[in-house]
Amino acid sequence: MKNLIVFGPPGAGKGTFSAIIQQILPNIVHISTGDILRKNIKKKTFLGLKAEEYMNRGELVPDQVVIDMIREKLKKPKVQKYGFILDGFPRTLDQAKALSDITKIDLFLLLEVPRDVIKKRILGRFSCSECGWLYNIYTLQPKEKIGKNKWICDNCGAEIEFQQRDDDTEETLEKRLDVYEENSKPIIIYYENKGILKRVYAQNTLDLSEEEIKEIIEVENTTSPSCLS
Ligand code: AMP
């Protein structure tokens, strides 16, 4: 069981990196606070209504709202049994401290990406509305194109269009990067002091081999050399 945090600026590839980890640890639960909030906005829940204004302005949703949300998620039996990848949480030092009171974290993975790469990634990203599979109009289009900005999802076969997230505009992006700069430093120091921080140069995490990922997340290679058998 592993409890991981995947941390980095918006567009660092936290979702993609989490998906790669899930290929190695298939039962680990991926918890993205951004995804949970967006689902709540779509369903017009009380939580969604509270979060929407902040998100559309590129600001953080108040700490207590997201901390309560995470507390509930981490109680789920599958999370308790197999561990989790937290993506998008913590975003403030208070969230990090609250998380330490809730559970133990094994590794804090800091994804580092140059700013110009981030911009291209964010302004080009989209996902399948059926299964959530992630794509990028510049770097990672679905294989089968069926029209202008229309494809078949590689993962589930649904028809998809290039549609940006509501908060993926250039203006909101600048704001979100500023918010990240401001809040990330104390969080990084907090986990560095705990001795669980690991830096991952993440210009293209898709290029990392299985062995490299296993080394990063400290999972042992179980395949033994055949000459020893
Ligand atoms: P993300 O999908 O992680 O980029 O998050 C999108 C937006 O959701 C952020 O810009 C925030 O408005 C909100 N959000 C996500 N996670 C958090 C968090 N841990 N604390 C506060 N706001 C959050």
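Mentor: Helices here are DSSP runs of type H or I with at least four residues, strands are runs of type E with at least two, and both are numbered from the N terminus. The model is a predicted one, in which local features need pLDDT of at least 70 and side-chain atom pairs count only at pLDDT 80 or more, while totals for chains, interfaces and linings use all residues. Residues are numbered from 1 along each chain as its sequence is written, and side-chain values use heavy atoms, with hydrogens and water left out.

Around the ligand there is a shell of 16 residues, the closest being Thr33, Arg38, Glu59, Gly88 and Gln95, where a residue counts as near if one of its heavy atoms lies within 4 Å of the molecule. Helix α2, residues 33-42, supplies the largest share of this shell, namely four residues. Sorted by class, the shell holds six nonpolar, four polar and six charged residues; Ala, Val, Leu, Ile, Met, Phe, Trp, Tyr, Cys and Pro count as nonpolar, Asp, Glu, Lys and Arg as charged, and the others, Gly among them, as polar.

Turning to individual atom pairs, a nitrogen atom of the ligand lies 3.0 Å from a polar backbone atom of Val61, and an oxygen atom of the ligand lies 3.1 Å from an N or O atom in the side chain of Arg91. In the side chain of Gln95, an N or O atom is 2.9 Å from a nitrogen atom of the ligand. The ligand taken alone exposes 480 Å², of which the protein buries 96%, with accessible areas computed by the Shrake-Rupley method with a 1.4 Å probe.

Helix α4, residues 63-73, has Val65, Val66, Ile67, Met69 and Ile70 buried, a word that stands for under 20% relative accessible area (1.4 Å probe, protein chains only). These buried residues of α4 pack against β2 (29-32), α2, α3 (46-56), β3 (83-87) and α6 (93-102), contact being heavy atoms within 4.5 Å.

Leaving aside its neighbours within four places in sequence, Thr172 is in contact with Met55, Asn56, Arg57, Gly58 and Asp167.

Terms used:
A polar contact is a pair of N or O atoms within 3.5 Å; within protein, one must be able to donate a hydrogen and the other to accept it, and residues adjacent in sequence count only if both atoms are side-chain atoms. Buried means under 20% relative accessible area, exposed over 50%, partly exposed in between (1.4 Å probe, protein chains only).
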